[in-house]
Amino acid sequence: MLKTGILNPAVLSLLARVRHTNTLVIADRGFPFWPEIETVDLSLVDDVPTVAQVVTALRENFVIGRVFAAEEAKGANAPNKLDSHLAALAGLPISFEPHVAFKKRVPHAIGLIRTGDTTQYGNLILESA
């Protein structure tokens with residue numbers, strides 16, 4: 001029985017299948033369903049869990065090389081909300097791109113983890129190192 005680290009078997013399964021330069025999407029509560037990729041839904045209520053909380057948990061077991069985020073997140077959220085949202089990515093290179101371009105990356109991901117996050121355009125794509 002696992003006692004520490006990530007306990008969710010579906011999340012562990014996704015992580016076990018990620019290889020060098022593969023991607024994993026961490027999505028907010030409103031992100032559309034993508035039938036092409038496996039989705040693990042962790043959402044419970046608004047902001048439980050948040051994208052930042054999931055990223056923090058993943059960083060213990062997942063080597064992130066770079067991160068993709070929607071450019072629109074900068075204008076759609078108060079600066080303190082965005083700073084809090086991105087705090088879990090400290091030290092990682094983040095590429096901001098138009099949301100349309102961001103969504104084109106999604107079908108190529110190994111999987112998607114949906115959260116309860118209410119940060120507008122708060123979705124992230126994590127690329128393994």
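1. Thr 119 is found in the loop between strand 5 and strand 6; helices (H or I, at least four residues) and strands (E, at least two) are DSSP runs, numbered from the N terminus. With a relative accessible area of 4%, Thr 119 is buried, where buried means under 20% relative accessible area, exposed over 50% and partly exposed in between (1.4 Å probe, protein chains only). Its side chain makes a polar contact with the side chain of Asp 117, at 2.7 Å. A polar contact is a pair of N or O atoms within 3.5 Å; within protein, one must be able to donate a hydrogen and the other to accept it, and residues adjacent in sequence count only if both atoms are side-chain atoms. Not counting residues up to four places away in sequence, Thr 119 touches Asp 28, Asn 77, Lys 81 and His 85; contact means heavy atoms within 4.5 Å.

2. On the basis of these values: this is a predicted model, in which local features need pLDDT of at least 70 and side-chain atom pairs count only at pLDDT 80 or more, while totals for chains, interfaces and linings use all residues. Residues are numbered from 1 along each chain as its sequence is written, and side-chain values use heavy atoms, with hydrogens and water left out.

3. Gln 120 also has its place in the loop between strand 5 and strand 6. Gln 120 counts as partly exposed, at 45% relative accessibility. Residues up to four places away in sequence aside, Gln 120 touches Ala 73, Ala 76 and Asn 77. From Gln 120 to Lys 74 the C-alpha to C-alpha distance is 9.2 Å, across 46 residues in sequence.

4. The sheet is open and has six strands in the order 2-5-1-6-3-4, with mixed pairing. Two strands pair if DSSP finds at least two bridges between them. Strand 2 and strand 4 (94-97) stand at the edges with a single partner strand each, so one side of each has no neighbour in the sheet. On average, and with direction ignored, neighbouring strands of this sheet are turned by 20 degrees against each other. Axes are lines fitted to C-alpha atoms, for helices over the stretch in contact, and angles run from 0 to 180 degrees between N-to-C directions. Helix 1 (residues 9-17) packs on the sheet and touches strand 1, strand 2 and strand 5 (111-114). The direction of helix 1 makes about 140 degrees with that of strand 2.

5. Five of the five residues of strand 1 are buried, so the strand is largely enclosed by the rest of the structure. Thr 23, Val 25 and Ala 27 point one way from strand 1, and Leu 24 and Ile 26 point the other way. Strand 1 and strand 6 run antiparallel and are joined by four bridges; in strand 6, Leu 124 is the bridge partner of Ile 26 and Ile 125 that of Val 25. Strand 1 and strand 5 run parallel, again with four bridges, and Ile 26 stands opposite Ile 113 in strand 5.

6. Glu 127 lies in strand 6 (residues 124-128). At 13% relative accessibility, Glu 127 counts as buried. The side chain of Glu 127 makes a polar contact with the side chain of Arg 66, at 2.8 Å. Neighbours within four places in sequence aside, the residues in contact with Glu 127 include Thr 21, Asn 22, Val 63, Gly 65, Arg 66 and Phe 68.

7. Aromatic rings: those of Phe, Tyr and Trp (its six-membered ring) pair if their centres lie within 6.5 Å; planes under 30 degrees apart count as stacked, over 60 as edge-to-face and the rest as tilted. By this rule the count comes to two aromatic pairs. Phe 31 and Trp 34 are stacked, at 6.3 Å centre to centre and 25 degrees between the planes. Phe 31 and Phe 102 are edge-to-face, at 6.4 Å centre to centre and 85 degrees between the planes. Phe 31 lies in the loop between strand 1 (23-27) and strand 2 (38-41) and Phe 102 in helix 5 (residues 99-105), so this pair ties together parts that are 71 residues apart in sequence. Phe 31 and Phe 102 are both buried, and Trp 34 counts as buried at 16% relative accessibility.

8. Charges over rings: a charge sits over a ring if NZ of Lys or CZ of Arg is within 6 Å of the ring centre and within 35 degrees of the ring normal. The charged end of Arg 105 sits over the ring of Phe 68, 3.7 Å from its centre. Lys 74 lies over the face of Phe 96, at 4.2 Å from the ring centre.
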